[in-house]
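Morning, everyone. I'll take you through one protein today, from the whole chain down to single residues. Have a look first.

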Amino acid sequence: MKLQGRELLEYLCQKFGPTGFENEVADAIIEQLGNDCDKIVKDSFGNVYALIKGNSSDRVMISSHMDEVGFMITDIDSDGYIKFANLGGIDPKVLYGKQVILGNEKTKINGVIAAKAIHHKRREDRFSVTPIKEMYIDIGAKDVDEAKEYVNIGDFGVFNSDFVFFGTDNKYAKGKAIDDRAGCCAMIETIRRLREEKITLPFDTYFCFTVREEVGLSGARVAAEKVKPSRSIILESTAIGDIAGAPAHKRVADVGNGGVISLMD
């Protein structure tokens, strides 16, 4: 079933798509686009290309990334606790107690991120941030053998976060992977509108849903080399600064004031 608006955004955000493991997101995007574009392909790298033909061979590329920050399992100790590395930029301060989903193509399981309890820490360590290398994920396994029935070293993880609308008229959304499933959602709805309103653009437009943005833009580089556009537009979720205590000159953007065009990064 084709979804739109808030329902489409929630549907895409809740897909399991840590950087380097975007297949579930890619399949959902291809399903939602259906026959709304002139051509849709997925390359060996994992990028999805949706083409809307125009009146000339000039090429414009519009791009959003499918991946989200997440984790990779690096070790499983004898007690069944899972060691991990982060994929993408994650502040260690926000990890304590976070629920996660770990898995691969065949199976997925819930877990929770934990570390040494505060009453087991030395007094001088109680107010410092525990590094990720000292944290672990508990999936409820009694030992390493039971843990390996569900996950293995090299498997991936993402945050297990409810998608919630809140605020006046529920106009705000909270959830994982809004960076950058919001961009993917916008591209899908743009493609549909072009088709529904029979709009013909003066150039071929390639809507590129790319992989591996969170660890270095490698998917976008491959897409750009393949499409070779004369111009490109990158749709991205960005940081905002309208938070308590932030001085005006440090406010990158204010929620509700429309889209943002980056001047520097």
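Two residues are in contact when heavy atoms lie within 4.5 Å of each other. Keep that in mind, and keep in mind that this is a predicted model.

Next, the overall picture. The protein has 13 strands and five helices. Its C-alpha trace spans about 70 × 45 × 35 Å along the principal axes. There are 265 residues, and 38% of them are buried. The accessible surface is about 15,100 Å². Carbon and sulfur atoms hold 51% of that surface.

What about charge? The protein carries 35 positive and 41 negative charges. Their mean positions are 2 Å apart.

Let's go to single residues. Start with I29. Where is I29 placed? I29 belongs to helix α2. Is I29 buried or exposed? I29 counts as buried, because its relative accessibility is 0% and the cut-off for buried is under 20%. Which residues does I29 touch, beyond those up to four places away in sequence? The list is L12, M66, C184, I188 and F209. One more distance here. V48 is 19 residues from I29 in sequence, and their C-alphas are 8.5 Å apart in space.

Now follow the chain out of that helix. Helix α2 covers 23–33, and strand β1 covers 39–42. D36 is in the loop between α2 and β1. So here we have an aspartate in a loop. Is D36 buried or exposed? D36 has a relative accessible area of 11%, so D36 is buried, since the limit is under 20%. What is D36 in contact with, leaving aside neighbours within four places in sequence? The partners are K2, I52, I191, R192 and R195.

Last stop, the surface. There is a nonpolar patch there. Its members are V164, F166, Y172, I240, I243 and V255. Together they have about 490 Å² of accessible area. Take V164 as one of them. V164 sits in strand β10, residues 164–166. V164 has a relative accessible area of 34%, so V164 is partly exposed: that value falls between the 20% and 50% limits.

To recap. I29 in helix α2 is buried at 0%. V164 in β10 is partly exposed at 34%, and V164 is part of the nonpolar surface patch. That's my tour.

Key:
Residues are numbered from 1 along each chain as its sequence is written. This is a predicted model: local features need pLDDT of at least 70, side-chain atom pairs count only at pLDDT 80 or more; totals for chains, interfaces and linings use all residues. Side-chain values use heavy atoms; hydrogens and water are left out. Helices (H or I, at least four residues) and strands (E, at least two) are DSSP runs, numbered from the N terminus. Buried means under 20% relative accessible area, exposed over 50%, partly exposed in between (1.4 Å probe, protein chains only). Accessible areas come from the Shrake-Rupley method with a 1.4 Å probe; for residues, only the protein chains shown count as cover. Lys and Arg count as positive and Asp and Glu as negative; His and the chain ends are not counted. The place of a charge is taken as NZ of Lys, CZ of Arg, CG of Asp or CD of Glu. Patches are made of residues with over 30% relative accessible area and no salt bridge: like charges are joined within 9 Å, nonpolar side chains (Val, Leu, Ile, Met, Phe, Trp, Tyr) within 5 Å. A salt bridge is a side-chain nitrogen of Lys or Arg within 4 Å of a carboxyl oxygen of Asp or Glu.
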